[in-house]
Amino acid sequence: MRLRREHGITAAFGVGVVLAIIDLQWSYTLHYKLAQPDFYVYYLAAQLGRAHGWAAIYDPALFLPPVTAAVGKPLPYLNPPELAWLVTPLSFLAYPLAAWIWTGLLAAAFVFVWYLTAPGRRMVRLMHGLGAAVLLPVFVGVLFGQVSLIVVAAVALAWWLLSRGRPWLAGLALTALILKPQIAFLVPLALLVGGYGRVFLAWLVASVPLAAITLLATGIGVFQQMSRSLQTVSLVPGPIQSSLVRQLPPPLAALGIAAVLGASAFILWRCRGRDPSRPIAVGLIASVLVSPYVNFYDLSALVLAAWLILRTSPPLWHRLWLLVGVLTMQLMDYDRDALAAVTWHTPQLIWDAAWLGILLLTSYPATRAWLMRAEAHPHRAALPAAESGEAGPLG
């Protein structure tokens, strides 16, 4: 029987149902006293900041007791104060109402990302949206009230603006990275290396004053307070960090980071000045790999990276590798004690690194052309020497 698009849509719908069931089963393992625990951290920071000053929200002696009493676990506030400022209007409301409004904002951010960047048409786009919505990092990001999706939405907006020839506005959109820098902090630099200097310049000009305002509001002592908070909660079960720094011994992590940055720079140089989809995707992947603090719900950034790469029409085997990522993300656990000594973050780390390797491999025009021919005509895929300098299309 010949496979048709209808069969693919049916299969995607079935997989989505299975992922949704897994999400629901996973949510039963949570042990928090209130819904949206991470949003409560932002909410409490906004309230304490208004009452005691913005430096106080990083003081573990002041912040951790009330958050522990309300949430059931000591969750420190580790974001820049701009996030607390963003949540300040909601901090005047009762928490249940504020949490529902915040959930609506996160859902709207996800729909915004889907609307701007999801590939395909009609039912294909719809299946992309439904499938991504039940992917564990996205589901948990909304369930916990994580700001990650808003940052991802800002990156998606920057891509959309840049694709329409508005680099200065794209750079301004990227200033939203300050809300949670670690999940996409290499995107502006990736765009600079990829030939979009005006985006980087606009981001830099807007971000430097924001950083100055942050230091004026909190003082430099905030770094010592954050270190004390991290030491206080270091033994508390919680998210397992899924980056090279946290999953590998220091020497191997340093080598891995150097390899990631080198490979990323080469990919970006090869696609310099072309479609911005690949530079932004590479910036997201590299950020997730080298960041010292990335929770598994922050991997929602990879959904955007996948959609941008899919828009470049990669070969079938590349698309199948993206489907493997659905499996590795869905197998990740939240609590260190949930599966005893078994950690499912290593497969995800391998998948991230291998995806970057695939992008590196396909950055060579001749190799890319050979792989595409091999997929279309497996018995006629020999690579002529004359094609070694061929300039093929991106993707």
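Predicted model: local features only at pLDDT ≥ 70, side-chain atom pairs only at ≥ 80, totals over all residues.
Local features need pLDDT of at least 70 and side-chain atom pairs 80 or more, while totals for chains, interfaces and linings use all residues. Residues are numbered from 1 along each chain as its sequence is written, and side-chain values use heavy atoms, without hydrogens and water.

Start at helix 8, residues 148-163. Helices here are DSSP runs (H or I, at least four residues), numbered from the N terminus. Helix 8 has 16 residues and reaches 23 Å between its first and last C-alpha, close to the expected 22 Å. The expected span is 1.5 Å times one less than the number of residues. Of the 16 residues, 13 are buried (under 20% relative accessible area, 1.4 Å probe, protein chains only). Just after helix 8, Gly165 takes a positive phi of about 75°.

Turn to helix 6 (residues 123-133) and helix 16 (residues 300-310). They pack at about 160°, axes 11 Å apart; axes are lines fitted to C-alpha atoms over the stretch in contact, and angles run from 0 to 180 degrees between N-to-C directions. Helix 6 is therefore roughly antiparallel to helix 16 (over 145 degrees). His128, Gly129 and Ala132 of helix 6 meet Val303, Trp307 and Leu310 of helix 16, with contact meaning heavy atoms within 4.5 Å.

Helix 18 (residues 345-361) has 17 residues. Its end C-alpha atoms are 24 Å apart, in agreement with the 24 Å it should span. Its buried residues include Trp351, Asp352, Trp355 and Leu359. The buried residues of helix 18 pack against helices 13, 14, 15, 16 and 17.

How values were computed:
Helix = DSSP H or I, 4+ residues; strand = E, 2+ residues; numbered from the N terminus. Buried < 20%, exposed > 50% of the residue type's maximum accessible area, 1.4 Å probe, protein only. Parallel < 35°, antiparallel > 145°, perpendicular 65-115°, else oblique.
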